[in-house]
Amino acid sequence: MKSVAIIGAGITGLTAGFYLQRKGVPVRVYDASERVGGVIQSLRRDGYLAEFGPNTILETSPKIGQLVRDAELSSRRLDPDPKAEARYVVRYRRPVAMPSSPLGFFTTELFSAKAKLAVLREPFVPARTDGKEESIAEFVVRRLGQEFLDHAIDALVAGVYAGDPYKLSVPQAFPKLAALEQRYGSLIKGQILGARERKKRGEVAKDRAPKFSFDEGLQVLPETLAERLGNSLRLKTAVEFIRETSDGWELGVSGEANSREQHSAVIFAGTAHALARVGIKSQASISFAPFSEIRYPPVASVVLGFRREDVAHPCEGFGMLIPRVEGFKILGTIFSSSLFPNRAPAGHLTLTSYLGGERYPELASLPANELFELTCQDLRVLLGVKAAPTFQHCVAYPKAIPQYVVGYGRYRQLMSDIESKAPGLFFAGHYRDGVSLSDSIVSGCNIADRVELHLQALSKDGLGVKRAAD
Ligand SMILES: Cc1cc2nc3c(=O)[nH]c(=O)nc-3n(C[C@H](O)[C@H](O)[C@H](O)COP(=O)(O)OP(=O)(O)OC[C@H]3O[C@@H](n4cnc5c(N)ncnc54)[C@H](O)[C@@H]3O)c2cc1C
(Lines give C-alpha, C1' and ligand atoms only; values in the text may rest on other atoms or scores of the structure.)
Protein backbone atom coordinates (compact mmCIF):
# COMPACT_ATOMS: atom_id res chain seq x y z
CA MET A 1 0.00 0.00 0.00
CA LYS A 2 1.37 3.44 -0.92
CA SER A 3 1.82 5.95 1.87
CA VAL A 4 0.15 9.33 2.33
CA ALA A 5 2.72 12.13 2.23
CA ILE A 6 2.31 14.84 4.86
CA ILE A 7 4.32 18.02 4.36
CA GLY A 8 4.93 19.71 7.72
CA ALA A 9 5.51 18.24 11.18
CA GLY A 10 3.86 21.08 13.06
CA ILE A 11 0.89 20.12 15.20
CA THR A 12 -1.43 19.88 12.15
CA GLY A 13 0.74 17.46 10.19
CA LEU A 14 1.62 15.36 13.25
CA THR A 15 -2.03 15.06 14.31
CA ALA A 16 -3.05 14.05 10.77
CA GLY A 17 -0.19 11.53 10.56
CA PHE A 18 -0.94 10.08 13.99
CA TYR A 19 -4.61 9.49 13.18
CA LEU A 20 -4.02 8.18 9.66
CA GLN A 21 -1.52 5.70 11.07
CA ARG A 22 -4.08 4.60 13.66
CA LYS A 23 -6.53 4.03 10.82
CA GLY A 24 -3.99 1.64 9.28
CA VAL A 25 -2.84 4.04 6.56
CA PRO A 26 0.94 4.28 6.13
CA VAL A 27 2.24 7.84 6.22
CA ARG A 28 5.45 9.70 5.49
CA VAL A 29 5.77 13.03 7.32
CA TYR A 30 8.33 15.53 6.00
CA ASP A 31 9.60 18.64 7.72
CA ALA A 32 12.21 21.08 6.53
CA SER A 33 13.32 21.80 10.08
CA GLU A 34 15.50 19.61 12.31
CA ARG A 35 12.80 19.45 14.99
CA VAL A 36 9.08 18.71 15.18
CA GLY A 37 6.36 21.05 16.44
CA GLY A 38 6.62 23.96 14.00
CA VAL A 39 6.06 27.16 15.99
CA ILE A 40 5.63 25.24 19.27
CA GLN A 41 8.92 25.59 21.19
CA SER A 42 9.45 24.86 24.87
CA LEU A 43 12.82 25.25 26.55
CA ARG A 44 13.78 23.93 30.01
CA ARG A 45 16.85 25.79 31.35
CA ASP A 46 18.17 26.96 34.73
CA GLY A 47 14.97 25.83 36.47
CA TYR A 48 12.75 27.83 34.09
CA LEU A 49 10.41 26.46 31.47
CA ALA A 50 10.04 28.93 28.62
CA GLU A 51 7.42 28.72 25.88
CA PHE A 52 8.19 30.81 22.82
CA GLY A 53 5.26 29.90 20.60
CA PRO A 54 1.85 29.07 22.03
CA ASN A 55 1.56 28.85 25.82
CA THR A 56 -1.73 26.98 26.21
CA ILE A 57 -4.13 24.79 24.28
CA LEU A 58 -7.78 25.83 24.47
CA GLU A 59 -10.07 22.83 24.67
CA THR A 60 -12.71 24.19 22.30
CA SER A 61 -13.61 20.80 20.79
CA PRO A 62 -13.92 17.26 22.19
CA LYS A 63 -11.31 16.23 19.57
CA ILE A 64 -8.59 17.97 21.58
CA GLY A 65 -9.11 16.00 24.81
CA GLN A 66 -9.44 12.88 22.66
CA LEU A 67 -6.03 13.48 21.07
CA VAL A 68 -4.45 13.83 24.53
CA ARG A 69 -6.03 10.52 25.58
CA ASP A 70 -5.17 8.76 22.32
CA ALA A 71 -1.55 9.91 22.64
CA GLU A 72 -1.63 8.55 26.25
CA LEU A 73 -0.69 11.94 27.65
CA SER A 74 -3.49 12.37 30.21
CA SER A 75 -1.11 11.89 33.16
CA ARG A 76 1.20 14.64 31.82
CA ARG A 77 -1.59 17.16 31.18
CA LEU A 78 -1.45 20.28 33.40
CA ASP A 79 -4.52 22.38 34.09
CA PRO A 80 -3.88 25.99 35.11
CA ASP A 81 -4.11 27.32 38.60
CA PRO A 82 -7.76 28.49 39.08
CA LYS A 83 -6.36 31.84 40.33
CA ALA A 84 -4.89 32.33 36.88
CA GLU A 85 -8.26 33.18 35.37
CA ALA A 86 -7.80 36.94 35.88
CA ARG A 87 -6.86 38.86 32.75
CA TYR A 88 -5.67 42.42 32.55
CA VAL A 89 -5.90 45.10 29.90
CA VAL A 90 -3.63 48.11 30.14
CA ARG A 91 -5.40 51.44 30.61
CA TYR A 92 -4.01 54.68 32.05
CA ARG A 93 -0.58 52.98 31.59
CA ARG A 94 -1.24 50.23 34.13
CA PRO A 95 -2.89 46.78 34.05
CA VAL A 96 -6.60 46.91 34.95
CA ALA A 97 -8.44 43.64 35.67
CA MET A 98 -10.97 42.72 33.01
CA PRO A 99 -14.49 42.42 34.40
CA SER A 100 -15.68 38.84 34.82
CA SER A 101 -19.40 39.55 35.41
CA PRO A 102 -22.04 42.01 34.15
CA LEU A 103 -21.81 43.92 37.45
CA GLY A 104 -18.03 44.05 37.08
CA PHE A 105 -18.48 45.50 33.61
CA PHE A 106 -20.54 48.42 34.89
CA THR A 107 -18.10 49.23 37.68
CA THR A 108 -14.82 48.72 35.80
CA GLU A 109 -12.54 51.68 35.16
CA LEU A 110 -11.54 50.13 31.83
CA PHE A 111 -14.34 51.92 30.00
CA SER A 112 -15.99 55.31 30.29
CA ALA A 113 -19.73 55.64 31.02
CA LYS A 114 -20.24 56.46 27.33
CA ALA A 115 -18.61 53.18 26.24
CA LYS A 116 -20.69 51.24 28.74
CA LEU A 117 -23.86 52.81 27.38
CA ALA A 118 -22.80 51.85 23.86
CA VAL A 119 -22.65 48.21 24.99
CA LEU A 120 -26.15 48.49 26.42
CA ARG A 121 -27.34 49.86 23.07
CA GLU A 122 -25.66 47.06 21.07
CA PRO A 123 -28.73 44.75 20.89
CA PHE A 124 -30.61 47.57 19.15
CA VAL A 125 -27.96 48.29 16.48
CA PRO A 126 -29.32 46.84 13.22
CA ALA A 127 -27.40 43.97 11.63
CA ARG A 128 -25.63 44.75 8.38
CA THR A 129 -27.59 43.41 5.43
CA ASP A 130 -25.68 44.65 2.37
CA GLY A 131 -23.21 41.73 2.50
CA LYS A 132 -20.12 43.99 2.70
CA GLU A 133 -17.13 42.21 4.26
CA GLU A 134 -16.09 44.45 7.15
CA SER A 135 -12.77 44.80 8.94
CA ILE A 136 -12.86 44.16 12.67
CA ALA A 137 -12.41 47.87 13.29
CA GLU A 138 -15.42 48.80 11.13
CA PHE A 139 -17.56 46.12 12.74
CA VAL A 140 -16.68 47.01 16.32
CA VAL A 141 -17.03 50.77 15.82
CA ARG A 142 -20.45 50.22 14.19
CA ARG A 143 -21.75 47.95 16.94
CA LEU A 144 -19.88 49.05 20.08
CA GLY A 145 -18.10 52.33 19.39
CA GLN A 146 -14.54 53.62 18.95
CA GLU A 147 -13.56 53.39 22.61
CA PHE A 148 -14.33 49.68 22.72
CA LEU A 149 -12.13 49.19 19.65
CA ASP A 150 -9.22 51.28 20.93
CA HIS A 151 -9.17 50.01 24.50
CA ALA A 152 -10.28 46.37 24.22
CA ILE A 153 -10.52 44.82 20.76
CA ASP A 154 -7.27 46.30 19.46
CA ALA A 155 -5.45 44.59 22.34
CA LEU A 156 -7.28 41.31 21.80
CA VAL A 157 -6.46 41.30 18.09
CA ALA A 158 -2.79 41.91 18.92
CA GLY A 159 -2.96 39.03 21.43
CA VAL A 160 -4.50 36.49 19.05
CA TYR A 161 -3.21 37.48 15.60
CA ALA A 162 -0.43 39.97 16.38
CA GLY A 163 -2.68 41.75 13.89
CA ASP A 164 -4.24 45.06 12.92
CA PRO A 165 -8.01 45.35 13.48
CA TYR A 166 -8.25 47.75 10.52
CA LYS A 167 -7.02 44.99 8.18
CA LEU A 168 -8.41 41.73 9.59
CA SER A 169 -11.77 40.55 8.30
CA VAL A 170 -14.62 39.77 10.70
CA PRO A 171 -16.04 36.77 8.77
CA GLN A 172 -12.56 35.37 8.05
CA ALA A 173 -10.75 36.05 11.32
CA PHE A 174 -13.65 35.93 13.81
CA PRO A 175 -16.31 33.95 11.95
CA LYS A 176 -18.29 33.24 15.10
CA LEU A 177 -18.70 36.97 15.73
CA ALA A 178 -20.00 37.53 12.20
CA ALA A 179 -22.35 34.55 12.60
CA LEU A 180 -23.72 35.92 15.90
CA GLU A 181 -24.73 39.16 14.20
CA GLN A 182 -26.23 37.37 11.19
CA ARG A 183 -28.16 34.88 13.27
CA TYR A 184 -29.26 36.85 16.33
CA GLY A 185 -28.89 40.42 15.09
CA SER A 186 -26.69 41.23 18.11
CA LEU A 187 -23.49 40.01 19.76
CA ILE A 188 -24.91 40.23 23.24
CA LYS A 189 -28.14 38.41 22.40
CA GLY A 190 -26.17 35.84 20.43
CA GLN A 191 -23.74 35.29 23.29
CA ILE A 192 -26.64 34.38 25.57
CA LEU A 193 -28.84 32.47 23.12
CA GLY A 194 -25.98 30.76 21.27
CA ALA A 195 -24.63 29.12 24.44
CA ARG A 196 -27.37 26.46 24.33
CA GLU A 197 -26.55 25.50 20.72
CA ARG A 198 -22.82 25.30 21.36
CA LYS A 199 -23.52 22.95 24.27
CA LYS A 200 -25.58 20.73 21.96
CA ARG A 201 -22.66 20.52 19.49
CA GLY A 202 -20.18 19.78 22.31
CA GLU A 203 -18.32 23.01 21.51
CA VAL A 204 -17.08 25.54 24.03
CA ALA A 205 -16.72 29.29 23.42
CA LYS A 206 -13.07 30.36 23.33
CA ASP A 207 -13.44 32.60 26.39
CA ARG A 208 -14.89 29.70 28.45
CA ALA A 209 -12.83 26.83 27.08
CA PRO A 210 -10.55 25.06 29.56
CA LYS A 211 -6.89 25.68 28.79
CA PHE A 212 -4.04 23.32 29.50
CA SER A 213 -0.43 22.45 28.86
CA PHE A 214 1.88 19.58 29.83
CA ASP A 215 4.42 19.04 32.60
CA GLU A 216 7.35 19.89 30.30
CA GLY A 217 5.46 22.40 28.17
CA LEU A 218 3.50 22.15 24.93
CA GLN A 219 6.45 20.58 23.10
CA VAL A 220 5.46 17.33 24.87
CA LEU A 221 2.55 16.89 22.45
CA PRO A 222 4.44 17.11 19.13
CA GLU A 223 7.33 15.08 20.55
CA THR A 224 4.99 12.30 21.67
CA LEU A 225 3.17 12.25 18.32
CA ALA A 226 6.56 12.15 16.58
CA GLU A 227 7.61 9.15 18.70
CA ARG A 228 4.44 7.33 17.68
CA LEU A 229 5.21 8.09 14.02
CA GLY A 230 8.70 6.59 14.42
CA ASN A 231 10.44 5.94 11.10
CA SER A 232 7.64 7.56 9.14
CA LEU A 233 9.07 10.96 10.03
CA ARG A 234 11.72 12.63 7.89
CA LEU A 235 13.21 15.79 9.37
CA LYS A 236 15.60 18.22 7.64
CA THR A 237 13.74 17.36 4.43
CA ALA A 238 12.11 20.27 2.64
CA VAL A 239 9.58 19.33 -0.02
CA GLU A 240 10.40 21.36 -3.13
CA PHE A 241 7.85 20.09 -5.59
CA ILE A 242 4.77 17.92 -5.89
CA ARG A 243 4.08 16.05 -9.12
CA GLU A 244 0.98 14.09 -10.09
CA THR A 245 1.86 10.82 -11.86
CA SER A 246 -0.22 8.07 -13.43
CA ASP A 247 0.29 6.16 -10.20
CA GLY A 248 -0.40 8.82 -7.56
CA TRP A 249 1.81 11.60 -6.27
CA GLU A 250 5.54 12.06 -6.17
CA LEU A 251 7.53 14.60 -4.16
CA GLY A 252 10.88 16.20 -4.83
CA VAL A 253 12.73 16.75 -1.57
CA SER A 254 15.83 18.72 -0.70
CA GLY A 255 19.13 16.92 -1.11
CA GLU A 256 17.61 13.81 -2.67
CA ALA A 257 16.75 14.68 -6.23
CA ASN A 258 16.55 11.04 -7.29
CA SER A 259 14.53 9.54 -4.45
CA ARG A 260 10.93 10.03 -5.52
CA GLU A 261 8.59 7.84 -3.55
CA GLN A 262 5.02 7.41 -4.89
CA HIS A 263 2.18 8.45 -2.56
CA SER A 264 -1.55 7.81 -2.65
CA ALA A 265 -2.31 11.38 -1.46
CA VAL A 266 -0.49 14.50 -0.26
CA ILE A 267 -1.48 16.73 2.66
CA PHE A 268 0.19 20.14 2.73
CA ALA A 269 0.33 21.05 6.45
CA GLY A 270 3.10 23.61 6.18
CA THR A 271 2.87 27.40 5.97
CA ALA A 272 1.24 29.42 3.19
CA HIS A 273 4.47 31.31 2.44
CA ALA A 274 6.35 28.00 2.05
CA LEU A 275 3.53 26.60 -0.12
CA ALA A 276 4.03 29.45 -2.58
CA ARG A 277 7.61 28.20 -3.13
CA VAL A 278 6.64 24.57 -3.75
CA GLY A 279 6.54 23.62 -7.44
CA ILE A 280 3.45 21.78 -8.65
CA LYS A 281 2.91 19.66 -11.74
CA SER A 282 -0.53 18.21 -12.18
CA GLN A 283 -2.90 17.25 -14.98
CA ALA A 284 -4.99 20.27 -14.02
CA SER A 285 -3.54 23.73 -14.33
CA ILE A 286 -2.66 24.73 -10.77
CA SER A 287 -0.47 27.43 -9.27
CA PHE A 288 0.50 27.98 -5.66
CA ALA A 289 1.94 31.42 -6.45
CA PRO A 290 -1.04 33.45 -5.07
CA PHE A 291 -0.33 32.10 -1.57
CA SER A 292 2.80 34.27 -1.45
CA GLU A 293 0.44 37.25 -0.92
CA ILE A 294 -0.63 35.94 2.51
CA ARG A 295 1.04 38.11 5.08
CA TYR A 296 2.66 36.66 8.20
CA PRO A 297 4.05 39.54 10.31
CA PRO A 298 7.13 38.80 12.41
CA VAL A 299 6.86 38.29 16.18
CA ALA A 300 9.60 38.01 18.81
CA SER A 301 8.84 36.13 22.04
CA VAL A 302 10.85 37.32 25.03
CA VAL A 303 10.86 35.15 28.14
CA LEU A 304 12.26 36.80 31.26
CA GLY A 305 12.65 35.41 34.77
CA PHE A 306 12.74 37.66 37.85
CA ARG A 307 13.09 37.24 41.59
CA ARG A 308 9.58 37.46 43.03
CA GLU A 309 10.51 40.36 45.30
CA ASP A 310 11.82 42.36 42.33
CA VAL A 311 8.34 42.65 40.77
CA ALA A 312 5.76 44.86 42.50
CA HIS A 313 2.69 43.50 40.68
CA PRO A 314 1.38 40.14 42.01
CA CYS A 315 1.29 38.79 38.42
CA GLU A 316 -1.50 36.41 39.37
CA GLY A 317 -3.63 35.65 36.37
CA PHE A 318 -3.27 34.81 32.71
CA GLY A 319 -1.54 38.00 31.69
CA MET A 320 -2.08 41.47 30.28
CA LEU A 321 -3.02 42.74 26.83
CA ILE A 322 -1.85 46.16 25.69
CA PRO A 323 -3.78 48.39 23.28
CA ARG A 324 -1.73 50.46 20.81
CA VAL A 325 -3.06 53.75 22.23
CA GLU A 326 -1.26 53.10 25.52
CA GLY A 327 2.09 53.63 23.75
CA PHE A 328 4.11 50.60 24.88
CA LYS A 329 6.41 48.54 22.68
CA ILE A 330 5.31 45.08 23.90
CA LEU A 331 2.00 43.70 22.60
CA GLY A 332 1.25 41.86 25.82
CA THR A 333 2.67 39.61 28.53
CA ILE A 334 1.69 36.19 29.82
CA PHE A 335 2.21 35.53 33.53
CA SER A 336 3.56 32.09 32.65
CA SER A 337 4.62 30.88 36.09
CA SER A 338 1.29 31.90 37.60
CA LEU A 339 -0.54 29.76 35.01
CA PHE A 340 1.27 26.47 35.56
CA PRO A 341 3.54 25.09 38.32
CA ASN A 342 7.17 24.36 37.65
CA ARG A 343 7.71 27.22 35.18
CA ALA A 344 10.20 29.06 37.42
CA PRO A 345 12.50 28.18 40.36
CA ALA A 346 11.08 28.76 43.86
CA GLY A 347 10.79 32.45 44.69
CA HIS A 348 10.95 33.49 41.01
CA LEU A 349 8.48 34.18 38.24
CA THR A 350 8.46 33.88 34.45
CA LEU A 351 6.96 36.54 32.17
CA THR A 352 6.53 35.93 28.44
CA SER A 353 6.17 39.07 26.31
CA TYR A 354 5.67 39.55 22.58
CA LEU A 355 7.02 42.29 20.31
CA GLY A 356 6.47 43.05 16.64
CA GLY A 357 3.33 41.91 14.87
CA GLU A 358 1.49 44.28 12.53
CA ARG A 359 1.84 47.03 15.13
CA TYR A 360 5.65 47.30 15.16
CA PRO A 361 7.01 44.68 12.70
CA GLU A 362 10.46 46.29 12.71
CA LEU A 363 10.97 45.49 16.42
CA ALA A 364 10.79 41.70 16.00
CA SER A 365 14.15 41.54 14.20
CA LEU A 366 16.12 43.59 16.74
CA PRO A 367 19.13 41.90 18.36
CA ALA A 368 18.35 39.93 21.52
CA ASN A 369 19.92 42.47 23.93
CA GLU A 370 17.71 45.26 22.52
CA LEU A 371 14.61 43.08 22.78
CA PHE A 372 15.43 42.35 26.43
CA GLU A 373 15.97 46.04 27.14
CA LEU A 374 12.76 47.21 25.42
CA THR A 375 10.76 44.55 27.25
CA CYS A 376 12.30 45.45 30.61
CA GLN A 377 11.59 49.16 30.01
CA ASP A 378 7.87 48.41 29.56
CA LEU A 379 7.70 45.92 32.43
CA ARG A 380 9.28 48.47 34.79
CA VAL A 381 6.36 50.84 34.15
CA LEU A 382 3.59 48.24 33.89
CA LEU A 383 4.50 45.70 36.57
CA GLY A 384 6.95 47.59 38.76
CA VAL A 385 9.98 45.46 37.85
CA LYS A 386 12.85 46.73 40.01
CA ALA A 387 15.89 44.64 39.05
CA ALA A 388 17.53 42.91 36.12
CA PRO A 389 16.15 39.54 35.02
CA THR A 390 17.66 36.33 36.38
CA PHE A 391 16.77 34.50 33.16
CA GLN A 392 16.39 35.80 29.62
CA HIS A 393 15.83 34.09 26.31
CA CYS A 394 14.10 35.08 23.11
CA VAL A 395 13.04 33.54 19.82
CA ALA A 396 12.10 35.55 16.74
CA TYR A 397 9.57 34.18 14.29
CA PRO A 398 10.23 36.07 11.02
CA LYS A 399 6.85 34.89 9.71
CA ALA A 400 4.63 34.17 12.69
CA ILE A 401 0.86 34.18 12.15
CA PRO A 402 -1.13 34.48 8.88
CA GLN A 403 -3.37 37.52 8.70
CA TYR A 404 -6.94 36.68 7.72
CA VAL A 405 -7.45 40.08 6.12
CA VAL A 406 -10.50 41.38 4.27
CA GLY A 407 -10.63 39.29 1.08
CA TYR A 408 -8.86 36.28 2.63
CA GLY A 409 -11.76 34.10 1.48
CA ARG A 410 -10.23 34.00 -2.01
CA TYR A 411 -7.27 31.99 -0.72
CA ARG A 412 -9.55 29.53 1.04
CA GLN A 413 -11.61 29.26 -2.14
CA LEU A 414 -8.45 28.66 -4.15
CA MET A 415 -7.50 25.77 -1.83
CA SER A 416 -10.95 24.20 -2.27
CA ASP A 417 -10.70 24.68 -6.06
CA ILE A 418 -7.26 23.03 -6.20
CA GLU A 419 -8.52 20.12 -4.08
CA SER A 420 -11.37 19.49 -6.48
CA LYS A 421 -9.22 19.88 -9.61
CA ALA A 422 -6.48 17.61 -8.24
CA PRO A 423 -8.10 14.88 -6.11
CA GLY A 424 -5.58 13.52 -3.63
CA LEU A 425 -4.03 16.87 -2.85
CA PHE A 426 -5.20 18.34 0.48
CA PHE A 427 -4.56 21.52 2.49
CA ALA A 428 -4.76 21.76 6.28
CA GLY A 429 -3.55 23.86 9.16
CA HIS A 430 -3.34 27.38 10.50
CA TYR A 431 -3.48 29.14 7.10
CA ARG A 432 -6.82 27.53 6.28
CA ASP A 433 -8.73 26.40 9.37
CA GLY A 434 -8.02 29.03 12.05
CA VAL A 435 -4.83 30.33 13.66
CA SER A 436 -5.02 28.81 17.15
CA LEU A 437 -3.36 25.62 18.27
CA SER A 438 -6.76 24.06 18.93
CA ASP A 439 -7.89 25.00 15.40
CA SER A 440 -4.79 23.28 14.03
CA ILE A 441 -5.42 20.11 16.05
CA VAL A 442 -9.03 19.96 14.84
CA SER A 443 -7.79 20.66 11.31
CA GLY A 444 -5.34 17.72 11.59
CA CYS A 445 -8.11 15.38 12.85
CA ASN A 446 -10.51 16.44 10.10
CA ILE A 447 -8.00 16.13 7.28
CA ALA A 448 -7.16 12.58 8.42
CA ASP A 449 -10.87 11.70 8.11
CA ARG A 450 -11.14 13.33 4.68
CA VAL A 451 -8.05 11.54 3.39
CA GLU A 452 -9.36 8.23 4.72
CA LEU A 453 -12.60 8.77 2.75
CA HIS A 454 -10.59 9.64 -0.34
CA LEU A 455 -8.55 6.44 0.00
CA GLN A 456 -11.71 4.38 0.47
CA ALA A 457 -13.10 5.87 -2.73
CA LEU A 458 -9.83 5.04 -4.54
CA SER A 459 -9.96 1.55 -3.14
CA LYS A 460 -13.49 1.06 -4.53
CA ASP A 461 -12.10 2.17 -7.86
CA GLY A 462 -9.75 -0.80 -7.64
CA LEU A 463 -6.54 0.99 -6.67
CA GLY A 464 -6.26 -1.21 -3.60
CA VAL A 465 -6.01 0.57 -0.28
CA LYS A 466 -6.35 -1.84 2.58
CA ARG A 467 -8.23 -0.74 5.73
CA ALA A 468 -6.78 -2.07 8.95
CA ALA A 469 -9.25 -3.93 11.11
CA ASP A 470 -10.39 -1.73 14.01
C1 LIG B 1 4.58 33.42 18.72
C2 LIG B 1 3.32 32.61 18.60
C3 LIG B 1 2.47 32.49 19.70
C4 LIG B 1 1.30 31.74 19.59
N5 LIG B 1 0.49 31.61 20.71
C6 LIG B 1 -0.60 30.83 20.65
C7 LIG B 1 -1.35 30.54 21.84
O8 LIG B 1 -1.01 31.00 22.94
N9 LIG B 1 -2.45 29.77 21.73
C10 LIG B 1 -2.82 29.20 20.54
O11 LIG B 1 -3.83 28.49 20.50
N12 LIG B 1 -2.11 29.41 19.41
C13 LIG B 1 -1.00 30.19 19.44
N14 LIG B 1 -0.25 30.38 18.31
C15 LIG B 1 -0.67 29.76 17.04
C16 LIG B 1 -0.39 28.24 16.97
O17 LIG B 1 0.78 27.93 17.64
C18 LIG B 1 -0.28 27.81 15.50
O19 LIG B 1 -1.44 28.18 14.80
C20 LIG B 1 -0.12 26.31 15.32
O21 LIG B 1 0.88 25.80 16.16
C22 LIG B 1 0.18 26.05 13.84
O23 LIG B 1 0.47 24.70 13.62
P24 LIG B 1 0.70 24.15 12.14
O25 LIG B 1 1.11 22.75 12.27
O26 LIG B 1 -0.53 24.45 11.33
O27 LIG B 1 1.86 25.05 11.52
P28 LIG B 1 3.39 25.26 11.94
O29 LIG B 1 3.58 25.12 13.39
O30 LIG B 1 3.81 26.53 11.29
O31 LIG B 1 4.15 24.04 11.25
C32 LIG B 1 4.36 23.97 9.87
C33 LIG B 1 5.57 23.09 9.62
O34 LIG B 1 5.69 22.87 8.22
C35 LIG B 1 7.04 22.83 7.88
N36 LIG B 1 7.14 23.11 6.44
C37 LIG B 1 6.66 24.18 5.76
N38 LIG B 1 6.91 24.05 4.45
C39 LIG B 1 7.55 22.87 4.28
C40 LIG B 1 8.07 22.18 3.14
N41 LIG B 1 7.98 22.68 1.90
N42 LIG B 1 8.67 20.98 3.33
C43 LIG B 1 8.78 20.44 4.58
N44 LIG B 1 8.32 21.07 5.69
C45 LIG B 1 7.71 22.26 5.54
C46 LIG B 1 7.67 23.91 8.77
O47 LIG B 1 9.07 23.67 8.93
C48 LIG B 1 6.89 23.72 10.06
O49 LIG B 1 7.55 22.85 10.95
C50 LIG B 1 0.95 31.11 18.37
C51 LIG B 1 1.81 31.23 17.25
C52 LIG B 1 2.99 31.96 17.36
C53 LIG B 1 3.91 32.07 16.17
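**Note on the predicted model: a helix pair and the ligand site**

1. The crossing of α1 and α2 is left-handed, meaning that the near helix is turned anticlockwise from the far one by less than a right angle. Helices here are DSSP runs (H or I, at least four residues), numbered from the N terminus. Helix α1 covers residues 11–22 and helix α2 residues 62–70; they pack at an angle of about 65°, with axes 12 Å apart. Axes are lines fitted to C-alpha atoms over the stretch in contact, and angles run from 0 to 180 degrees between N-to-C directions.

2. This is a predicted model, in which local features need pLDDT of at least 70 and side-chain atom pairs count only at pLDDT 80 or more, while totals for chains, interfaces and linings use all residues. Residues are numbered from 1 along each chain as its sequence is written, and side-chain values use heavy atoms, with hydrogens and water left out.

3. On the α1 side, Thr15, Phe18, Tyr19 and Arg22 meet Gln66, Leu67 and Asp70 of α2 (contact: heavy atoms within 4.5 Å). By class, this contact has 3 nonpolar, 2 polar and 2 charged residues.

4. The protein has a mean pLDDT of 93, and 96% of its residues reach 70 or more; pLDDT is the predictor's confidence in each residue, from 0 to 100. Over residues 464–470 the pLDDT is below 50, and this stretch has 12 contacts in the model beyond near neighbours in sequence.

5. The ligand is surrounded by 34 residues (a heavy atom within 4 Å). The closest are Thr12, Asp31, His430, Val435 and Leu437.

6. Oxygen atoms of the ligand lie 2.7 Å from a polar side-chain atom of Thr12 and 2.8 Å from a polar backbone atom of Leu437. A polar backbone atom of Val239 is 2.9 Å from a ligand nitrogen atom.

Note on methods
Helix = DSSP H or I, 4+ residues; strand = E, 2+ residues; numbered from the N terminus. Nonpolar A, V, L, I, M, F, W, Y, C, P; charged D, E, K, R; others polar. Polar contact = N/O pair within 3.5 Å; in protein donor to acceptor, adjacent residues only side chain to side chain.
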